[in-house]
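The following note comments on a structure for a reader who is new to such models. Please keep the sequence and the structure in view while reading the points.

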Amino acid sequence: MTENPALSNLSHETRHFDPPEELAEQANVGEDAYDEAAADPLVFWETQAERLEWAQKWDTALDWDPPFAKWFVGGSLNVAVNCLDRHVAAGRGDKVAIHFEGEPGDKRSITYAELTAEVCKAANALTELGVQTGDRVMIYLPMIPEAAISMLACARIGAPHSVVFGGFSPESLRNRIDDCGSKFVITSDGGYRRGAASALKSNVDAAADADGSPVERILVVRRTGQDVDWNPDRDLWWHDVVDRQSDRHEAEAFDAEHPLFILYTSGTTAKPKGILHTSGGYLTQTSYTHHAVFDHKAETDVYWCTADIGWVTGHSYIVYGPMSNGATQVMYEGTPDTPHQGRFWEIVQNYGVTLLYTAPTAIRTFMKWGAEIPSEFDLSSLRLLGSVGEPINPEAWMWYREHIGGDNCPIVDTWWQTETGGIMISPLPGVTSTKPGSAQRALPGISADVVDESGQPVPNGGGGYLVLTEPWPAMLRTIWGDDERFKETYWSRFSKQGYYFAGDGAKKDDDGDLWLLGRVDDVMNISGHRISTTEVESALVSHPKVAEAAVVGATDPTTGQGIVAFVILRGGNDEEGADLVKELRNHVAKEIGPIAKPRQIMIVPELPKTRSGKIMRRLLRDVAENRDLGDVTTLADPTVMNMIGDGLKSDKPSAEE
Ligand code: WT7
């Protein structure tokens with residue numbers, strides 16, 4: 001098993017921190033939840049499902065036909081009603097749902113009653129445009145309230161949404177639109193990023209103008225006021241269509257297994273996978289975990305998850321989990337350094353944020369900027385801190401605890417994936433004695449283990465592959481349109497045992513606590529974003545000057561991993577140097593999106609290959625991380641590595657552009 005060497009010392013950590021007494025005494029979920037769930041996991045999840053409002057109660061908790069699951073069979077509910085109308089009906093309509101803060105500083109607070117009205121209008125508008133139950137709707141928006149409104153409007157009418165992160169290119173957007181055959185797109189003219197207005201609509205145009213595109217209607221939110229090209233047969237302004245709708249909408253209840261959304265994520269091949277999530281089980285688990293892991297108290301907490309709605313974290317822990325619990329939350333459009341590096345802490349101070357959920361890459365960036373910056377703000381409202389997206393190194397964990405959490409906030413390091421839908425492994429803040437760098441233990445009702453190559457559980461102190469041994473309510477139901485790939489990707493590795501293979505390496509420490517060690521496949525984790533090596537390789541070889549490319553994720557002090565590409569040029573192209581490297585980096589950004597721009601591109605004469613022609617990525621990683629090369633005897637031509645190594649050290653273009 002390949003393992004990230006930067007993380008291999010993690011599980012020797014001995015520090016631990018008990019929950020603050022006050023929190024432990026009043027925690028939403030106590031120690032007994034583990035026993036209760038262990039005694040009967042299905043009854044446990046049924047109890048959690050009761051937290052929601054069902055139009056029709058289910059007959060059977062789980063129908064498990066491995067690897068296909070149906071949860072809460074026979075039940076029906078409306079997900080949007082659970083996130084909105086339910087709170088208004090209970091007299092909480094005046095409670096703020098979203099404190100929106102735009103990057104330029106514009107602010108807008110929206111109550112649950114207002115949000116419900118907006119979602120009803122948007123649902124009516126979508127219906128008027130011809131969106132029917134089951135139709136897929138693409139959402140390509142910045143972090144503005146309309147993103148959540150659009151998702152909930154889709155949920156309300158049973159039209160599965162597929163949100164594409166605004167940092168993806170027209171080409172990536174087009175592939176996703178084509179894969180799920182979407183006739184409808186919701187976008188905006190643009191959004192604010194790093195102090196400037198960036199365009200979104202033009203990317204949608206490029207995708208929708210392509211031959212054979214299924215797109216018939218584009219609904220456009222005006223955010224920046226920038227000029228946009230307009231196709232009157234196809235494009236409609238949100239304010240023209242949505243604003244004039246009735247704010248009443250009779251919501252139909254849908255089957256518990258009705259598709260709620262498709263979210264694309266990178267796999268080990270060039271083609272992203274459309275992860276399908278459904279309604280009842282997904283909402284049950286996201287709602288419960290938001291309640292349990294963040295100890296969320298609707299009356300007093302102000303919650304802030306800094307993720308973008310384009311990722312699963314935004315789906316589960318900005319929209320569905322928190323809103324099902326009637327949370328008051330902050331939504332911020334921009335980057336943490338605009339207009340100054342204290343922006344996050346200013347927001348925490350101004351809104352009195354109590355629960356903060358962010359990513360290790362952000363924490364490491366704040367560390368780099370220095371502790372003086374947060375120290376200038378009043379962060380005393382914070383009472384709990386969360387981390388997600390990649391392993392958090394103990395230094396970052398300790399810094400987060402000390403400089404953001406004032407040494408008295410529990411940190412919940414939450415492991416999960418797009419595929420799991422909700423948090424799976426995490427401390428419980430009122431129960432767990434936390435250890436810097438460990439996600440620790442499967443939540444009540446969740447069964448995880450670490451197994452060896454043959455699928456046998458490793459003893460405490462051992463390492464291996466992380467698996468999930470029992471179905472869980474928010475699990476992906478399939479890969480959109482590709483059941484075979486679903487079986488192959490997740491269920492074939494340990495098919496004998498019937499385990500879900502997560503693709504992560506993990507260790508158990510002497511207490512049996514879990515330490516995540518990063519991906520064991522060809523998936524990279526760049527700032528908590530999943531990008532496949534193959535995807536970047538095929539983007540590179542689609543450039544006319546490139547003959548062959550190999551891509552690895554090299555350890556990076558801030559982003560976790562950085563993309564390093566080794567490229568062989570086509571015959572006749574002997575040009576080298578900065579211009580070509582820049583051209584290739586921009587080409588990858590154009591093909592996939594700026595998030596996939598390689599940190600480094602190395603033009604090489606050869607790639608290290610085995611005699612059977614397989615590229616030896618391990619060696620390339622060694623070079624990229626400046627390590628001594630391991631065994632090179634299996635190489636067809638061992639001198640290749642010297643040629644590569646010599647060149648690489650002399651050429652390190654920066655990733656910031
Ligand atoms: C991959 C899933 C879960 C939402 C964000 C990413 C890595 C995620 C942790 C964590 C160690 C983590 C894993 C996982 N990962 N959280 N707390 N500790 N690793 O979702 O894009 O589907 O990526 O992110 O490698 O497999 P995603």
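1. A polar contact is a pair of N or O atoms within 3.5 Å; within protein, one must be able to donate a hydrogen and the other to accept it, and residues adjacent in sequence count only if both atoms are side-chain atoms. A polar backbone atom of G389 lies 3.1 Å from a nitrogen atom of the ligand.

2. This is a predicted model, in which local features need pLDDT of at least 70 and side-chain atom pairs count only at pLDDT 80 or more, while totals for chains, interfaces and linings use all residues. Residues are numbered from 1 along each chain as its sequence is written, and side-chain values use heavy atoms, with hydrogens and water left out.

3. A backbone N or O atom of E390 is 3.3 Å from a nitrogen atom of the ligand, and a polar side-chain atom of R530 is 2.9 Å from an oxygen atom of the ligand. On its own the ligand has 550 Å² of accessible area (Shrake-Rupley method, 1.4 Å probe), and the protein covers 96% of this area.

4. E484 belongs to helix α17, residues 483-491 (helices are DSSP runs of H or I, at least four residues). E484 counts as exposed (over 50%) because its relative accessible area is 53%. The C-alpha atoms of E484 and A251 are 34 Å apart.

Notes. Helices (H or I, at least four residues) and strands (E, at least two) are DSSP runs, numbered from the N terminus. Buried means under 20% relative accessible area, exposed over 50%, partly exposed in between (1.4 Å probe, protein chains only).
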